[in-house]
Amino acid sequence: MPPIPGSGLAKGLAVTLRTMTKRTVTAQYPDVQPELPPRTRGVIGLFEENCTVCMLCARECPDWCIYIDSHKETVPAAAPGGRERSRNVLDRFAIDFALCMYCGICIEVCPFDALFWSPEFEYAETDIHELTHERDKLREWMWTVPEPPALDPGAEEPKEIAAARKTADKLQAQEAQQAQEAQQALEAQQAQESQQSQTEQDTRPGRPAEQEGQE
């Protein structure tokens, strides 16, 4: 069936009339902060404790706006006879938000969950050079990162949580075993002392019979 002539104009006018009858609501920003969706892409927060300086985020960034500096430190052997290891220590982590196009590739490729989206958006500067924010500022934005959505009740438990729980249960079992062994050792020591005291009393010489008769 061919469209009725003028139907498009009628639909447009209907939308206009519906909008005209609605009350206008003005957002009183900045006195009232807007309610942003939970997946808002504001800025990128850095959780530097998880950063291993693998450089994946800097290499995969299309705009090359991530700057990372680091140095190596030698870690002593954990056990006698072991060998020393070296690890990367983060010196600088900066993002130039004048170049960033908010694609989120750096967050997706980070294998250690060191980068997160923050809904923070009030970071305007009067000088474009000041839009390069260092790791201290990125760390402050980390505290505005919303909590992750709850897992599906039927979903499998994350491997990280399962491994952490297994380690905690193992440590708890070891502590309980050590406490039980200490209690058993204490009871054995008390029993030995009691037996030794009883033996000393049995082997102690008695009083002469004449003194007992006089008494």
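Here are some notes on aromatic pairs, one serine and a few backbone details in this predicted model.

1. Some ground rules. Because this is a predicted model, local features need pLDDT of at least 70 and side-chain atom pairs count only at pLDDT 80 or more, while totals for chains, interfaces and linings use all residues. Residues are numbered from 1 along each chain as its sequence is written, and side-chain values use heavy atoms, with hydrogens and water left out.

2. Start with the rings. Searching the whole structure turns up 6 aromatic pairs (rings of Phe, Tyr and Trp, the last by its six-membered ring, with centres within 6.5 Å; planes under 30 degrees apart are stacked, over 60 edge-to-face, the rest tilted). One of them joins tyrosine 29 and phenylalanine 121: it is tilted, with 6.0 Å centre to centre and 35° between the planes. These partners sit 92 residues apart, tyrosine 29 in the loop between helix H1 (7-21) and strand S1 (43-46), phenylalanine 121 in the loop between strand S4 (115-118) and strand S5 (132-133). (Helices, H or I with at least four residues, and strands, E with at least two, are DSSP runs numbered from the N terminus.)

3. (Buried means under 20% relative accessible area, exposed over 50%, partly exposed in between, using a 1.4 Å probe and protein chains only.)

4. Now look at tyrosine 123 and tryptophan 141, an edge-to-face pair with 5.8 Å centre to centre and 65° between the planes. Tyrosine 123 is buried at 15%, and tryptophan 141 is buried at 4%. Both belong to a cluster that ring pairs build from Phe97, Tyr102, Trp117, Tyr123 and Trp141.

5. Serine 118, in strand S4, counts as buried because its relative accessibility is 0%. Its side chain makes a polar contact with the side chain of threonine 144 at 2.4 Å (N or O atoms within 3.5 Å; within protein, one able to donate a hydrogen and the other to accept it, with residues adjacent in sequence counting only if both atoms are side-chain atoms). Leaving out residues up to four places away in sequence, serine 118 touches several residues, including Val43 and Trp141 (heavy atoms within 4.5 Å).

6. Last, the backbone. Tyrosine 29 and proline 30 are joined by a cis peptide bond, with omega about 10°. Valine 53 has a positive phi, near 55°, though it isn't glycine; this valine is buried at 7%. Aspartate 113 also has phi near 55°, but is partly exposed at 48%.
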